[in-house]
Structure formats: structure tokens, C-alpha cells
Amino acid sequence: SLYSKWYSYARTLPMEEPNSTMTWDSAEIAALLGTSAHAQARSLRKQLLRLCSRLSGSFDCFELRWAASHYWSRALAVSGLPGITSGSVRALLPAVDLINFDAESKNYFHLAGDTIVYIAGSDYFTGDEICDNYGGAK
């Protein structure tokens, strides 16, 4: 909704669907057979179809697929949040979802009270690309 605190962030998302297994047809998912991605792709697709069925009176399935595809392509695993006693939760972190992957990145997240702080593991200069290893080895 226009009055949601997420409205400004949602307006920054591309209108096109991300290339996600959620948007693939059955033949494309079948091409993953024999890989570790096959079961996960089928599971996400089944979850989406159940969601479409459950919310059909309020949302079009295309809209739900767009939202789910963006969520799963941008959400990060975050642990140590207040009220989360073990494991991690997936969260949308505006601006952080724009950071590209680099396996050698030394950057990391730190929880400071109820704020998530992003720490640069090296010096950056104007024009440098900020990258993250998406939680690997941290």
C-alpha cells in the first residue's frame, strides 16, 4: 500500500521478474533433474502454487510470483536478531541487496542492539564496488 513503510523500497524493485526457478515452466525445472537444485526448485514452485491458491481472492498469481521471486533473489540469512533464539531468518535489507558477490570479500554484518551494521573489511574509495561473500566463512 502507498502508506506502507516498505512502499519506497518496493518502488525501487525492477518491474520485470527476476530469472528464478519460480518463473520456470515444468520442462525447465525437469532439466535440473539429477542436480541438488532440482528438489529445491520443485519445492519453491509448489509453495508458490499453494500460496496462489490460498490468496487467489486478493492477489493475482503473477503478482505473487513477482513478489516471491524478488524476495528469494534478495533476502539474506540474518542470525542473532532479538527474539530469534537459534538459527537465522531470511530478511530483506534495503540497499544491502544491491551488493554483488565476491568470495574474497572480508566485509560482514554485525548486530548492534536492534540495528544491523555492515562493516567494511577493507578500505574503499570513491567509485569502488562494494562486494560481499554472502555470509561464507564469517
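**From helices to strands**

From the N terminus on, the elements of the protein run α-α-α-α-β-β-β-β-β-β. That comes to four helices and six strands. Helices (H or I, at least four residues) and strands (E, at least two) are DSSP runs, numbered from the N terminus. The C-alpha atoms fill a box of roughly 45 × 45 × 35 Å, taken along the principal axes.

This is a predicted model, in which local features need pLDDT of at least 70 and side-chain atom pairs count only at pLDDT 80 or more, while totals for chains, interfaces and linings use all residues. Residues are numbered from 1 along each chain as its sequence is written, and side-chain values use heavy atoms, with hydrogens and water left out.

Start with a helix pair. Two packed helices are described by the angle between their axes and the distance between the axes. Helix 3 (residues 37-54) packs on helix 4 (residues 61-74) at about 140 degrees, with the axes 10 Å apart. Axes are lines fitted to C-alpha atoms, for helices over the stretch in contact, and angles run from 0 to 180 degrees between N-to-C directions. Helix 3 and helix 4 are therefore oblique to each other. Angles under 35 degrees count as roughly parallel, over 145 as roughly antiparallel, 65 to 115 as roughly perpendicular and the rest as oblique.

Which residues of helix 3 and helix 4 make the contact? Helix 3 brings Leu44, Leu48, Leu51 and Cys52. Helix 4 brings Cys61, Leu64, Arg65, Ala68 and Trp72. Contact means heavy atoms within 4.5 Å. By class, this contact has eight nonpolar, no polar and one charged residues. Ala, Val, Leu, Ile, Met, Phe, Trp, Tyr, Cys and Pro count as nonpolar, Asp, Glu, Lys and Arg as charged, and the others, Gly among them, as polar.

Strand 1 covers residues 76-79, and Leu76 lies in it. Leu76 and Arg90 are 14 residues apart in sequence and 5.2 Å apart in space, C-alpha to C-alpha. Not counting residues up to four places away in sequence, Leu76 touches Val89, Arg90, Ala91, Leu93, Val96 and Phe109.
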